[in-house]
Amino acid sequence: MLQGNVPASKIVLFGLADDLAENSRKVLAEQGHVVFAYPVLPAAQALNVIEQIQANFVFCAAEPEIYKALLAAIRQKMAGLPLVVVSRLPETGAWLDALQAGASDYCAPPFDSTSMRWVLESARASRCAA
């Protein structure tokens, strides 16, 4: 078990810019999580990756056309799997849009151990509530 309430998990990153993927991967790996990074994939392919890895969390780029398609696919086939939208800039409107679309949470850099732990705990809690 890691610090806080989030055990080590398998986390898939989809479509994050290289620097965002590297920074988030570093923080998550330091917490003991196994992190896989992929470019943007069509929703069906992304679901295959998620299933093969048996991911516990998905982090996705903040472009609505990307995360909304993935959220719809996850709802149909893997209901309750937490999806966190990752943006370069913290924008209240984009955060609210992501949550209204069904995302578990929304985050932006700087990524640090405490904020990532909060994001994962929030996403896990939303999964339990679903």
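**A walk through the predicted model**

Of the protein's 130 residues, 42% count as buried, where buried means under 20% relative accessible area, exposed means over 50%, and partly exposed lies in between (1.4 Å probe, protein chains only). The model is predicted, with local features needing pLDDT of at least 70 and side-chain atom pairs counting only at pLDDT 80 or more, while totals for chains, interfaces and linings use all residues. Residues are numbered from 1 along each chain as its sequence is written, and side-chain values use heavy atoms, leaving out hydrogens and water.

The secondary structure consists of 5 helices and 5 strands. Here helices (H or I, at least four residues) and strands (E, at least two) are DSSP runs, numbered from the N terminus. Along the sequence the pattern is β-α-β-α-β-α-β-α-β-α. The protein is as compact as a globular protein of its length, because its radius of gyration is 13 Å, close to the 14 Å that the globule rule gives for 130 residues. This radius is taken over C-alpha atoms, and the rule is 2.2 Å times the number of residues to the power 0.38. Taken along the principal axes, the C-alpha atoms fill a box of roughly 30 × 30 × 30 Å.

Next comes the interior. A nonpolar core is a set of buried Ala, Val, Leu, Ile, Met, Phe, Trp, Tyr and Cys residues joined through side-chain atoms within 4.5 Å. The largest such core has 25 residues, and those touching the most other members are Phe14, Ile50, Val58, Tyr67, Leu70, Ile74 and Leu83. Two or more residues each come from S1, helix H2 (43-53), strand S3 (57-61), helix H3 (64-77), strand S4 (83-86) and helix H4 (92-101). Of these, H3 gives the most, with 6 residues. Apart from this core lies another, of 18 residues, including Leu20, Phe57, Phe111 and Val119.

Ser9 sits in the segment before strand S1 (10-14) and is buried, with a relative accessible area of 4%. Leaving aside residues up to four places away in sequence, Ser9 touches His33, Val34, Asn56, Phe57 and Arg124, a contact being heavy atoms within 4.5 Å. With Arg124, the Ser9 side chain makes a polar contact, side chain to side chain, at 3.2 Å. A polar contact is a pair of N or O atoms within 3.5 Å; within protein, one must be able to donate a hydrogen and the other to accept it, and residues adjacent in sequence count only if both atoms are side-chain atoms.
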